[in-house]
Amino acid sequence: QVQLVESGGGLVQAGGSLRLSCANSGRAFSRYVMGWFRQAPGKEREFVAAISRSGSRTTYADSVKGRFTMSRDGAKNTNYLQMNSLKQEDTAVYYCAANSRDYEGPLRREYEYDYWGQGTQVTVSS
């Protein structure tokens, strides 16, 4: 069983930065494709970013491209989402997700992920 624990959310002013972390309890972290999704109030959950198993490839939603960067640290079993130039429309609960089915990735669709974290709130004020 894999547990994902997000941290790093909070309240930040527009234009500011936050770094989200997702700790993965799985024993074979390097086997998992990792992703981030978010859900704003009254909206469906949407894709944000994903990283391949090797960490060599990433993919981003158009709305965050150039502002967000996803990375992973195998030694710490953790992946990160560095969020810069935050906008009010980035306000949402952010969820970390893992795919354990031996795909190389990255992957952009919710149904491709097997495990989900509990989410961390990001609020961007004006």
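**View 1. Aromatic cluster of Phe-37, Phe-47, Tyr-113 and Trp-116.** In this predicted model, ring pairs join Phe-37, Phe-47, Tyr-113 and Trp-116 into a cluster. The structure contains four aromatic pairs. One of them is the edge-to-face pair of Phe-37 and Phe-47, with 5.7 Å centre to centre and 75° between the planes. This pair links distant parts of the chain, since Phe-37 belongs to strand β4 and Phe-47 to strand β5 (residues 46-51), ten residues apart. Phe-37 and Phe-47 are both buried. Tyr-113 and Trp-116 also form an edge-to-face pair, at 6.2 Å centre to centre and 65° between the planes. Tyr-113 is buried, with a relative accessible area of 5%, whereas Trp-116 is partly exposed at 26%.

**View 2. Met-34 in strand β4.** Strand β4 (residues 33-39) includes Met-34. The relative accessible area of Met-34 is 0%, so this residue counts as buried. Leu-107 is 73 residues from Met-34 in sequence, and the C-alpha to C-alpha distance is 8.0 Å.

**View 3. Surroundings of Leu-86.** Leu-86 is located in the loop between β8 (78-83) and β9 (92-99). Its relative accessibility is 2%, therefore Leu-86 is buried. Beyond residues up to four places away in sequence, Leu-86 touches several others, among them Val-12, Leu-18, Arg-67, Phe-68 and Val-124. Val-122 is 36 residues from Leu-86 in sequence and 9.9 Å away in space, C-alpha to C-alpha.

**View 4. Arginines over aromatic rings.** Arg-45 lies over the face of Tyr-95, 4.9 Å from the ring centre. Arg-72 lies over the face of Phe-29, at 4.4 Å from the ring centre.

Technical notes: Residues numbered from 1 in each chain as written. Predicted model: local features only at pLDDT ≥ 70, side-chain atom pairs only at ≥ 80, totals over all residues. Heavy atoms only, no water. Helix = DSSP H or I, 4+ residues; strand = E, 2+ residues; numbered from the N terminus. Buried < 20%, exposed > 50% of the residue type's maximum accessible area, 1.4 Å probe, protein only. Contact = heavy atoms within 4.5 Å. Phe/Tyr/Trp six-rings, centres within 6.5 Å; stacked < 30°, edge-to-face > 60°. Lys NZ or Arg CZ within 6 Å of the ring centre and 35° of its normal.
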